[in-house]
Amino acid sequence: MTTAPHTAQDLQRLAEQAGRDLEEASALDVLRWAADTFGRRFCVTSSMEDAVVAHLASRAMPGVDVVFLDTGYHFPETIGTRDAVEVVMDVNVITLTPEQTVAEQDAQYGPKLHDRDPDLCCALRKVAPLEAGLRGYDAWATGLRRDESPTRADTPVVGWDARRQKVKIAPIARWTQEDVETYVAQHGVLTNPLLMDGYASVGCAPCTRRVLEGEDARSGRWAGLGKTECGIHL
């Protein structure tokens, strides 16, 4: 594996060129490119809604780092999925945690901050820990798909994460839900049990509900709050 360029300018040029070259490439080829280009300075992030991208990345780069954010508010099923992924896949699961425990955050900001100021809660428990955890990498991959919601419709397969000064890769950006389900079935990929219980997108327990018929996959997140993203992908 080659060493990725170290300057932000080089990385940005690389991201922009790859975005053009890899738009039509398969998800596995995109991840093989990432592995060859960045080596150990590449990681995958996973919410443990499913392990599709982690599984794909393990095929391209056995032992790849899979970064998981433990916000302290996850469903038990999500933690169980993380633990199972670590056992059965050829990946290195890295769990990130916020600076404060939930109890410490409650003491400083009051209980149920997620109800009163969900943006601040996400910033403290998701955005800040991820930014700290990604410092050792030049590129990171996510499971974003264009069909998930209108806010994700323009997701590039490879793009430039200007805020973090890193290459951001969405290898399954062009996939549909049917593509995901087909891959899961073909490869026996682990998925969060909540996906079989009416949840179409799994986040923190206080801010996630089951979706109703006809709703998009993200509608069960922060329902009624006019919020659609935690801030990681903005």
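Predicted model: local features only at pLDDT ≥ 70, side-chain atom pairs only at ≥ 80, totals over all residues.
Me: What does UniProt list for residues 47-209?
Reply: The UniProt record, an unreviewed entry, lists residues 47-209 as "domain: Phosphoadenosine phosphosulphate reductase".

Me: Switching to the backbone, what is phi of Met48 near?
Reply: Phi of Met48 is near 60 degrees, which is a positive value in a residue other than glycine, and Met48 sits in the loop that runs between β1 (42-45) and α3 (52-60).

Me: Is Met48 buried or exposed?
Reply: Met48 has a relative accessible area of 0%, so Met48 counts as buried, the cut-off for that being under 20%.

Me: OK, and where is Gln165?
Reply: Gln165 lies in the loop between β5 (158-161) and β6 (166-169), and phi of Gln165 is likewise near 60 degrees, a positive value in a residue that is not glycine.

Me: Why is Gln165 called partly exposed?
Reply: Because the relative accessible area of Gln165 is 38%, and partly exposed covers values between the under 20% of buried and the over 50% of exposed.

Me: New topic: how much space lies in the second largest pocket?
Reply: The second largest pocket holds about 250 Å³ of space, and its lining includes Glu49, Asp50, Arg145, Glu181, Leu195 and Tyr199.

Me: How do the residues of that lining divide?
Reply: The lining of the second largest pocket divides into six nonpolar, two polar and four charged residues.

Technical notes:
Residues numbered from 1 in each chain as written. Heavy atoms only, no water. UniProt positions renumbered as here; feature names shortened; annotations may be inferred. Helix = DSSP H or I, 4+ residues; strand = E, 2+ residues; numbered from the N terminus. Buried < 20%, exposed > 50% of the residue type's maximum accessible area, 1.4 Å probe, protein only. 1 Å grid on protein atoms, 1.4 Å probe; cavity = no way out; pocket = protein on both sides within 12 Å on 5 of 7 lines; lining within 4 Å. Points joined across faces, edges and corners; volume = space filled by probe spheres on them. Nonpolar A, V, L, I, M, F, W, Y, C, P; charged D, E, K, R; others polar.
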